[in-house]
Amino acid sequence: IVNYAQVILWVTLAIGVVKSVMVFLKAASYGVNIGDGWFIYFVTPFTFAFKVLLIYLLGKRKNWVRWLYVVLFVLLTPLSIHPLIQSLSYAPIQGIIGIIQIVAEIVAGVFLFLSPATAWYKNKPQQNKVMSNSNFSIEK
């Protein structure tokens, strides 16, 4: 189930990249000043890179990462609600995409805390053992 959560998060990340480009191009086409270049060229890529790291670490059984993901989601999602509502009026496609992203991220977050995922995070795989029983073991 963690794999499903990861796939959902990878898809939402890809959608986020596409949506960011769409918003940037739409704003530029209207001649809207979208802010200082440092935000577009540093903060946005840093945010995407950080999310890539989180998604990657989720698949590496880092239990603290799923908690960090939920805390960040709970803290940061409310900050995106107002811009999301505004975007529905001037860029409805991007607004709908944003709603789909939030719903998908909620689903992924729920998947990360279902009992199969919790068990997966608690049970660390044995290292360097491919097969073992009471008589023998094969080392990698």
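Apart from neighbours within four places in sequence, Thr 118 is in contact (heavy atoms within 4.5 Å) with Arg 66 and Phe 113. The model is predicted, so that local features need pLDDT of at least 70 and side-chain atom pairs count only at pLDDT 80 or more, while totals for chains, interfaces and linings use all residues. Residues are numbered from 1 along each chain as its sequence is written, and side-chain values use heavy atoms, with hydrogens and water left out.

Thr 118 belongs to helix 5 (residues 115–122), helices being DSSP runs (H or I) of at least four residues, numbered from the N terminus. The side chains of Thr 118 and Arg 66 are joined by a polar contact of 3.4 Å.

Helix 3 (residues 63–90) and helix 4 (residues 92–112) have axes that come within 9 Å and cross at roughly 160°. Helix 3 is therefore roughly antiparallel to helix 4 (an angle over 145 degrees). Among the residues making this contact are Arg 66, Tyr 69 and Phe 73 of helix 3 and Ile 99, Ile 102 and Leu 112 of helix 4. The residues of the contact comprise 12 nonpolar, 7 polar and 2 charged.

Aromatic pairs (ring centres within 6.5 Å) number 4. The rings of Trp 67 and Phe 113 have centres 4.7 Å apart and planes at 70°, so this pair is edge-to-face (over 60 degrees). Because Trp 67 lies in helix 3 and Phe 113 in the loop between helix 4 and helix 5, the pair ties together parts 46 residues apart in sequence.

Conventions. Axes are lines fitted to C-alpha atoms, for helices over the stretch in contact, and angles run from 0 to 180 degrees between N-to-C directions. Helices (H or I, at least four residues) and strands (E, at least two) are DSSP runs, numbered from the N terminus. Angles under 35 degrees count as roughly parallel, over 145 as roughly antiparallel, 65 to 115 as roughly perpendicular and the rest as oblique. Ala, Val, Leu, Ile, Met, Phe, Trp, Tyr, Cys and Pro count as nonpolar, Asp, Glu, Lys and Arg as charged, and the others, Gly among them, as polar. A polar contact is a pair of N or O atoms within 3.5 Å; within protein, one must be able to donate a hydrogen and the other to accept it, and residues adjacent in sequence count only if both atoms are side-chain atoms. Rings of Phe, Tyr and Trp (its six-membered ring) pair if their centres lie within 6.5 Å; planes under 30 degrees apart count as stacked, over 60 as edge-to-face and the rest as tilted.
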